[in-house]
Amino acid sequence: MRVKVLLFAGLREAAGEAELELELPEGATVEGLLTALEKERPRLSRLLPLAKVAVNRRVARKGTEIHPGDEVALIPPVGGG
Amino acid sequence: MVKITEEPIDLEEVASALSSPELGAILTFIGTVRGIEDGERISYLEYEAYEEMAKEELLAICREIKARWPTVQRVAFVHRIGRVGVGEAAVVIGVSAPHREETFPALAYAVDRLKETVPIWKKQVGEKGARWKPAK
(Lines give C-alpha, C1' and ligand atoms only; values in the text may rest on other atoms or scores of the structure.)
Protein backbone atom coordinates (compact mmCIF):
# COMPACT_ATOMS: atom_id res chain seq x y z
CA MET A 1 0.00 0.00 0.00
CA ARG A 2 1.03 3.57 -0.60
CA VAL A 3 1.12 5.69 2.54
CA LYS A 4 1.43 9.46 2.61
CA VAL A 5 3.63 10.87 5.37
CA LEU A 6 3.58 14.52 6.47
CA LEU A 7 6.82 16.12 7.62
CA PHE A 8 7.32 19.20 9.75
CA ALA A 9 10.03 21.54 11.01
CA GLY A 10 13.57 20.09 10.97
CA LEU A 11 12.42 16.85 9.36
CA ARG A 12 10.68 18.74 6.56
CA GLU A 13 13.83 20.76 5.93
CA ALA A 14 16.12 17.72 6.04
CA ALA A 15 13.87 15.86 3.59
CA GLY A 16 13.43 18.89 1.34
CA GLU A 17 9.71 18.14 1.12
CA ALA A 18 6.65 18.52 3.35
CA GLU A 19 5.05 15.29 2.25
CA LEU A 20 6.32 11.99 0.92
CA GLU A 21 4.89 8.65 -0.11
CA LEU A 22 6.11 5.25 1.05
CA GLU A 23 5.31 1.79 -0.22
CA LEU A 24 4.54 -0.46 2.75
CA PRO A 25 3.27 -4.02 3.03
CA GLU A 26 -0.34 -4.48 4.17
CA GLY A 27 -0.51 -4.61 7.95
CA ALA A 28 2.65 -2.54 8.41
CA THR A 29 3.12 -0.92 11.80
CA VAL A 30 4.52 2.43 12.88
CA GLU A 31 7.82 0.69 13.57
CA GLY A 32 7.84 -0.77 10.06
CA LEU A 33 7.14 2.65 8.61
CA LEU A 34 10.10 4.13 10.48
CA THR A 35 12.40 1.35 9.28
CA ALA A 36 11.26 1.83 5.68
CA LEU A 37 11.66 5.58 5.95
CA GLU A 38 15.17 5.35 7.33
CA LYS A 39 16.12 3.12 4.40
CA GLU A 40 14.55 5.36 1.76
CA ARG A 41 15.64 8.66 3.26
CA PRO A 42 18.99 8.13 5.01
CA ARG A 43 19.25 11.89 5.48
CA LEU A 44 16.50 11.68 8.10
CA SER A 45 18.18 8.98 10.17
CA ARG A 46 19.63 11.40 12.73
CA LEU A 47 16.27 13.09 13.38
CA LEU A 48 13.93 10.10 13.17
CA PRO A 49 14.74 8.62 16.62
CA LEU A 50 13.57 11.88 18.24
CA ALA A 51 10.28 12.03 16.36
CA LYS A 52 6.89 10.70 17.38
CA VAL A 53 4.53 9.30 14.80
CA ALA A 54 0.94 10.51 14.61
CA VAL A 55 -1.67 8.38 12.90
CA ASN A 56 -4.88 10.23 12.14
CA ARG A 57 -3.69 13.15 14.30
CA ARG A 58 -3.03 11.09 17.44
CA VAL A 59 0.39 10.02 18.64
CA ALA A 60 0.71 6.30 17.95
CA ARG A 61 2.73 3.48 19.51
CA LYS A 62 5.38 1.51 17.64
CA GLY A 63 3.00 -1.43 17.26
CA THR A 64 0.08 0.58 15.86
CA GLU A 65 -1.02 -0.78 12.52
CA ILE A 66 -1.28 1.57 9.57
CA HIS A 67 -4.20 1.28 7.18
CA PRO A 68 -4.60 2.57 3.63
CA GLY A 69 -5.83 6.17 3.70
CA ASP A 70 -4.51 6.89 7.22
CA GLU A 71 -3.03 10.33 7.78
CA VAL A 72 0.50 9.69 9.02
CA ALA A 73 2.74 12.49 10.29
CA LEU A 74 6.17 12.68 11.89
CA ILE A 75 6.26 14.91 14.96
CA PRO A 76 9.75 16.13 15.90
CA PRO A 77 10.18 17.60 19.43
CA VAL A 78 7.59 20.37 19.75
CA GLY A 79 8.33 23.96 20.71
CA GLY A 80 5.15 25.97 20.92
CA GLY A 81 4.78 29.07 23.06
CA MET B 1 -11.58 29.53 21.59
CA VAL B 2 -8.79 27.79 19.73
CA LYS B 3 -7.10 29.54 16.86
CA ILE B 4 -3.89 29.26 14.87
CA THR B 5 -3.21 32.32 12.80
CA GLU B 6 -0.64 34.03 10.61
CA GLU B 7 -1.99 37.43 11.62
CA PRO B 8 -0.89 39.41 14.71
CA ILE B 9 -2.92 38.27 17.72
CA ASP B 10 -5.83 40.53 18.58
CA LEU B 11 -5.87 40.78 22.41
CA GLU B 12 -9.27 42.44 22.43
CA GLU B 13 -10.73 39.55 20.52
CA VAL B 14 -9.32 37.05 23.05
CA ALA B 15 -10.56 39.08 26.02
CA SER B 16 -14.00 39.36 24.52
CA ALA B 17 -14.13 35.60 23.84
CA LEU B 18 -13.38 35.06 27.55
CA SER B 19 -15.85 37.56 28.94
CA SER B 20 -19.43 37.16 29.97
CA PRO B 21 -21.52 38.90 32.67
CA GLU B 22 -21.26 35.96 35.10
CA LEU B 23 -17.46 35.63 34.75
CA GLY B 24 -15.70 37.98 37.16
CA ALA B 25 -12.13 36.78 36.61
CA ILE B 26 -10.33 36.78 33.29
CA LEU B 27 -6.66 35.82 33.26
CA THR B 28 -4.43 35.96 30.21
CA PHE B 29 -0.85 34.98 29.48
CA ILE B 30 0.96 36.68 26.60
CA GLY B 31 4.07 34.90 25.37
CA THR B 32 6.28 37.30 23.45
CA VAL B 33 9.46 36.89 21.42
CA ARG B 34 12.63 37.69 23.38
CA GLY B 35 15.28 39.75 21.62
CA ILE B 36 18.14 38.03 23.46
CA GLU B 37 18.41 34.27 23.97
CA ASP B 38 21.45 32.90 25.87
CA GLY B 39 23.38 36.03 24.97
CA GLU B 40 22.54 35.82 21.27
CA ARG B 41 20.72 38.65 19.52
CA ILE B 42 17.55 37.29 17.96
CA SER B 43 16.05 38.59 14.73
CA TYR B 44 12.74 36.73 14.76
CA LEU B 45 11.08 33.38 15.39
CA GLU B 46 9.42 31.34 12.68
CA TYR B 47 6.57 29.09 13.88
CA GLU B 48 5.14 26.12 12.05
CA ALA B 49 2.13 23.99 13.03
CA TYR B 50 0.48 20.75 12.08
CA GLU B 51 -2.69 22.75 12.23
CA GLU B 52 -5.44 20.16 12.36
CA MET B 53 -3.71 18.09 15.02
CA ALA B 54 -2.63 21.17 16.99
CA LYS B 55 -6.24 22.36 17.17
CA GLU B 56 -7.42 18.94 18.32
CA GLU B 57 -4.71 18.83 21.01
CA LEU B 58 -5.58 22.33 22.20
CA LEU B 59 -9.28 21.44 22.42
CA ALA B 60 -8.31 18.36 24.46
CA ILE B 61 -6.32 20.59 26.85
CA CYS B 62 -9.36 22.89 27.19
CA ARG B 63 -11.41 19.86 28.23
CA GLU B 64 -8.72 18.75 30.73
CA ILE B 65 -8.70 22.20 32.33
CA LYS B 66 -12.46 22.33 32.69
CA ALA B 67 -12.50 18.85 34.22
CA ARG B 68 -9.75 19.70 36.70
CA TRP B 69 -10.92 23.22 37.64
CA PRO B 70 -14.68 23.07 37.23
CA THR B 71 -15.28 26.78 37.88
CA VAL B 72 -13.23 27.64 34.79
CA GLN B 73 -15.81 28.13 32.10
CA ARG B 74 -13.85 29.42 29.16
CA VAL B 75 -10.37 28.73 27.84
CA ALA B 76 -8.66 30.46 24.91
CA PHE B 77 -5.56 29.45 22.98
CA VAL B 78 -4.41 31.64 20.13
CA HIS B 79 -1.05 30.77 18.59
CA ARG B 80 0.66 32.58 15.79
CA ILE B 81 2.50 30.81 13.00
CA GLY B 82 4.91 32.17 10.41
CA ARG B 83 7.41 34.90 11.20
CA VAL B 84 6.97 36.64 14.58
CA GLY B 85 9.18 39.61 15.40
CA VAL B 86 10.90 40.50 18.68
CA GLY B 87 8.41 41.88 21.20
CA GLU B 88 5.40 40.53 19.34
CA ALA B 89 2.99 38.03 20.89
CA ALA B 90 3.55 34.47 19.69
CA VAL B 91 0.83 33.05 21.89
CA VAL B 92 -2.02 34.28 24.03
CA ILE B 93 -3.66 31.90 26.48
CA GLY B 94 -6.56 32.84 28.71
CA VAL B 95 -9.04 31.38 31.15
CA SER B 96 -12.11 32.82 32.82
CA ALA B 97 -14.31 31.87 35.76
CA PRO B 98 -16.88 33.49 38.06
CA HIS B 99 -14.14 33.98 40.73
CA ARG B 100 -10.36 34.16 40.53
CA GLU B 101 -9.18 31.22 42.70
CA GLU B 102 -9.05 28.48 40.08
CA THR B 103 -7.96 30.70 37.21
CA PHE B 104 -4.31 31.00 38.34
CA PRO B 105 -3.46 27.27 38.53
CA ALA B 106 -5.56 26.62 35.42
CA LEU B 107 -3.63 29.19 33.40
CA ALA B 108 -0.23 27.92 34.57
CA TYR B 109 -1.30 24.40 33.58
CA ALA B 110 -2.48 25.61 30.17
CA VAL B 111 0.88 27.21 29.41
CA ASP B 112 2.82 24.10 30.50
CA ARG B 113 0.60 21.72 28.53
CA LEU B 114 0.90 23.77 25.35
CA LYS B 115 4.64 23.17 25.39
CA GLU B 116 4.35 19.41 25.94
CA THR B 117 2.24 17.85 23.23
CA VAL B 118 0.89 20.41 20.79
CA PRO B 119 2.51 20.01 17.35
CA ILE B 120 3.85 23.52 16.92
CA TRP B 121 7.53 24.19 16.22
CA LYS B 122 9.69 27.27 16.44
CA LYS B 123 12.78 28.15 14.51
CA GLN B 124 14.97 30.75 16.15
CA VAL B 125 16.74 33.05 13.73
CA GLY B 126 19.53 35.15 15.20
CA GLU B 127 23.08 36.34 14.71
CA LYS B 128 24.38 32.76 15.08
CA GLY B 129 22.05 31.42 12.40
CA ALA B 130 18.79 29.50 12.40
CA ARG B 131 17.81 26.48 14.45
CA TRP B 132 14.70 24.61 15.56
CA LYS B 133 14.19 24.97 19.29
CA PRO B 134 12.27 22.39 21.29
CA ALA B 135 10.41 23.65 24.36
CA LYS B 136 12.31 23.59 27.64
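A residue is buried if 20 or more other C-beta atoms lie within 10 Å of its own, exposed if 12 or fewer, and partly exposed in between, with C-beta atoms placed from the backbone. The model is predicted: local features need pLDDT of at least 70, side-chain atom pairs count only at pLDDT 80 or more, and totals for chains, interfaces and linings use all residues. Residues are numbered from 1 along each chain as its sequence is written, and chains are lettered from A and ligands numbered from 1 in the order in which they are written.

**View 1. Leu50(A) in a loop of chain A.** Leu50(A) lies in the loop between helix 2 (30–40) and strand 3 (52–55) of chain A; helices (H or I, at least four residues) and strands (E, at least two) are DSSP runs, numbered from the N terminus. Because 13 other C-beta atoms are within 10 Å, Leu50(A) is partly exposed. Apart from residues up to four places away in sequence, Leu50(A) touches Pro76(A) and Pro77(A); two residues are in contact if their C-beta atoms, placed from the backbone, lie within 7 Å. A separation of 8.6 Å is found between the C-alpha atoms of Leu50(A) and Ile75(A), which are 25 residues apart along the chain.

**View 2. Chain A as a whole.** Chain A has 2 helices and 5 strands, and their pattern along the sequence is β-α-β-α-β-β-β. The C-alpha trace of chain A spans about 35 × 25 × 20 Å along its principal axes. The radius of gyration of chain A is 12 Å, which agrees with the value near 12 Å for a compact globule with 81 residues; this radius is taken over C-alpha atoms, and the globule rule is 2.2 Å times the number of residues to the power 0.38. Of the 81 residues of chain A, 31% count as buried. Among contacts in chain A with a separation of 6 or more, 50% come from residues 24 or more positions apart.

**View 3. The sheet of chain A.** In chain A, 5 strands form an open sheet with mixed pairing, in the order 2-1-5-3-4; two strands pair if DSSP finds at least two bridges between them. Strand 2 and strand 4 (58–60) of chain A are at the edges with a single partner strand each, so one side of each has no neighbour in the sheet. From one strand to the next, the twist averages 35°; axes are lines fitted to C-alpha atoms, for helices over the stretch in contact, and angles run from 0 to 180 degrees between N-to-C directions.

**View 4. Strand 1 of chain A and its two partners.** Strand 1 (residues 2–6) of chain A pairs with strand 2 (residues 19–23) of chain A in the antiparallel sense over 5 bridges. In this pairing Arg2(A) stands opposite Glu23(A), and Val3(A) stands opposite Leu22(A). Strand 1 of chain A runs parallel to strand 5 of chain A, and 2 bridges join them; here Leu6(A) is opposite Ala73(A). In a regular strand the side chains alternate between the two faces of the sheet.

**View 5. Leu74(A) in the nonpolar core.** The largest nonpolar core has 57 residues, of which Leu74(A), Ile65(B) and Ala110(B) touch the most other members; such a core is a set of buried Ala, Val, Leu, Ile, Met, Phe, Trp, Tyr and Cys residues joined through C-beta atoms within 7 Å. Leaving out residues up to four places away in sequence, Leu74(A) touches Val5(A), Leu7(A), Phe8(A), Leu11(A), Ala51(A) and Val53(A).

**View 6. The sheet of chain B.** An open sheet of 4 strands with mixed pairing is formed in chain B, in the order 1-5-7-2. Its edges are strand 1 (2–5) and strand 2 (25–32) of chain B; each has a single partner strand, so one side of each is left without a neighbour in the sheet. Strand 1 and strand 5 (residues 74–80) of chain B pair in the parallel sense over 4 bridges, with Ile4(B) opposite His79(B). Helix 3 (residues 103–117) of chain B packs on the sheet and touches strand 2, strand 5 and strand 7 (89–97) of chain B.

**View 7. Gln124(B) in strand 8 of chain B.** Gln124(B) belongs to strand 8 (residues 120–126) of chain B and counts as buried because it has 21 C-beta neighbours inside 10 Å. The C-alpha atoms of Gln124(B) and Ser43(B) are separated by 8.0 Å.
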